[in-house]
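Have the viewer ready and follow along.

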Amino acid sequence: MSLLAGALVFLIAGQSAAPTPAPAVTPTPDPWAPIHFMAGEWEGQSEGEPGSGTVKRSYSFVLNNKFLNETNVSTYPPQPKNPKGEVHHHWSFFSYDRARKALVLRQFHQEGFVNQFAMVPSTSSNTIVFESEALENVPKGWKAKETYEIVSPDEFVETFEMASTGAYSVYSRNRFKRKVAR
């Protein structure tokens, strides 16, 4: 073998032994990122159609961290706007629909209402909007919207709006503060 051929074999062998750079891996975004801050215990004030009241809420990841579960108790004492007062309970579950690549919110209210919302794109990183896809036990034609305005990691405002036709109107606005700050 000539010196040139030997050098060529050595060069080729050396190149094949050189490590091939791994393809760039794009990290998969966390689908829970927009609402992950909610996990924990919250307390706040409520204003709206039922009057003025207090609200207690808990969010926790359940079932192998596949769902974010919300439990809510809103208490409205007797007042001119609501002479009998009321205590309202509802449970909610947030899930991630892989096919749509969207967060979905399902609410179950003590009155028998079941609301299903899907998260819609927002123009602000501090605002999360869910618009109704289906409302169960509600007159036909109604729609609803939940908007979460993140004030800080330990404070947010939730606005629930409804409409039968045309523009939404505010039904209730809850201002939450984390029970135990991070």
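A pocket here is an open set of points on a 1 Å grid over the protein atoms alone, where a 1.4 Å probe fits and protein lies on both sides within 12 Å along at least five of seven lines; lining residues have an atom within 4 Å of a point. The model is predicted, so local features need pLDDT of at least 70 and side-chain atom pairs pLDDT 80 or more, while totals for chains, interfaces and linings use all residues. Residues are numbered from 1 along each chain as its sequence is written, and side-chain values use heavy atoms, without hydrogens and water.

The largest pocket has 26 lining residues, and His-88, His-109, Phe-113, Phe-160 and Tyr-171 lie nearest its centre. Strands (DSSP E runs of at least two residues, numbered from the N terminus) contribute to this lining: at least two residues each come from several of them, including strand 4 (86-97) and strand 9 (155-163).

Ala, Val, Leu, Ile, Met, Phe, Trp, Tyr, Cys and Pro count as nonpolar, Asp, Glu, Lys and Arg as charged, and the others, Gly among them, as polar.

| Pocket | Volume | Lining classes |
|---|---|---|
| Largest pocket | about 530 Å³ | 11 nonpolar, 9 polar, 6 charged residues |
| Second largest pocket | about 200 Å³ | 7 nonpolar, 1 polar, 2 charged residues |

Among the residues lining the second largest pocket are Pro-29, Pro-31, Tyr-96 and Met-119.

Finally, Ala-167 sits in the loop between strand 9 and strand 10. Its relative accessible area is 66%, so Ala-167 is exposed (over 50%; buried is under 20% and partly exposed in between, with a 1.4 Å probe and protein chains only).

Conventions. Grid points are joined across faces, edges and corners, and a volume is the space filled by probe spheres set on the points. Helices (H or I, at least four residues) and strands (E, at least two) are DSSP runs, numbered from the N terminus.
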